[in-house]
Amino acid sequence: MKRTLAAAALTILAATSAYAQATLAEGEVTKIDAKQGKMTVRHGPIPSLDMTDGMTMVFRVKEDAMLEQVKSGDKIAFDVERINGALTITVLEKQ
């Protein structure tokens, strides 16, 4: 019984991780403004916002530490939410 539950949990975890990867947008950091807590990203479609066109946009970041993870020219995968009216990067993975 314990093995069955453990196997089921691993399957769900793997599926969730794969889904999360599939819903992340891809882009390239073009500018970082640490004083304002923002970064400019040239990106493709953003599934979480139902954006089907790519463009270059300025986003806030949920945590200032995210700005230290990347530099201009880095390829990233990210997710965005509207927080207090501002488009905010909530998930950031350097590629």
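Mentor: Two strands count as paired if DSSP finds at least two bridges between them. Keep that rule in mind while reading this model, which is predicted.

Trainee: How many bridges join strand S3 to S5, and do they run parallel or antiparallel?

Mentor: Strands of a sheet pair through backbone hydrogen bonds, and the pairing is either parallel or antiparallel. Here S3, residues 55–61, is joined to S5 by two bridges, and these strands run parallel. Across this pairing, Arg60 stands opposite Thr88 of S5.

Trainee: Which way does strand S4 run against S5?

Mentor: S4, residues 75–83, runs antiparallel to S5, with eight bridges joining them.

Trainee: In what order do the five strands close into a barrel?

Mentor: Follow S1-S2-S3-S5-S4, the order in which the five strands close, with mixed pairing. From one strand to the next, the twist averages 55°.

Trainee: Why does Thr88 count as buried?

Mentor: A residue is called buried when its relative accessible area is under 20%. Thr88 counts as buried because its relative accessibility is 5%. As for its place, Thr88 belongs to strand S5, which spans residues 86–94.

Trainee: What does Thr88 touch, not counting residues up to four places away in sequence?

Mentor: On that count, Thr88 touches Arg60, Val61 and Lys62, as well as Asp79, Val80, Glu81 and Ile83. A polar atom of the Thr88 side chain also lies 3.0 Å from the backbone oxygen of Ala86.

Trainee: Where is the place of Leu67? Why does Leu67 count as buried?

Mentor: Leu67 is in helix H2, which covers residues 65–69. The same cut-off for burial applies, under 20%. Leu67 has 8% relative accessibility, so this residue counts as buried.

Trainee: Which residues does Leu67 touch, not counting residues up to four places away in sequence?

Mentor: With those neighbours left out, Leu67 touches Ile32, Asp33, Ala34, Gly37, Lys38, Met39 and Val61. Take Met39 as a case: Leu67 and Met39 are 28 residues apart along the chain, and their C-alpha atoms are separated by 7.5 Å.

Terms used
Residues numbered from 1 in each chain as written. Predicted model: local features only at pLDDT ≥ 70, side-chain atom pairs only at ≥ 80, totals over all residues. Heavy atoms only, no water. Helix = DSSP H or I, 4+ residues; strand = E, 2+ residues; numbered from the N terminus. Buried < 20%, exposed > 50% of the residue type's maximum accessible area, 1.4 Å probe, protein only. Polar contact = N/O pair within 3.5 Å; in protein donor to acceptor, adjacent residues only side chain to side chain. Contact = heavy atoms within 4.5 Å. Axes fitted to C-alpha atoms, helices over the stretch in contact; angles between N-to-C directions.
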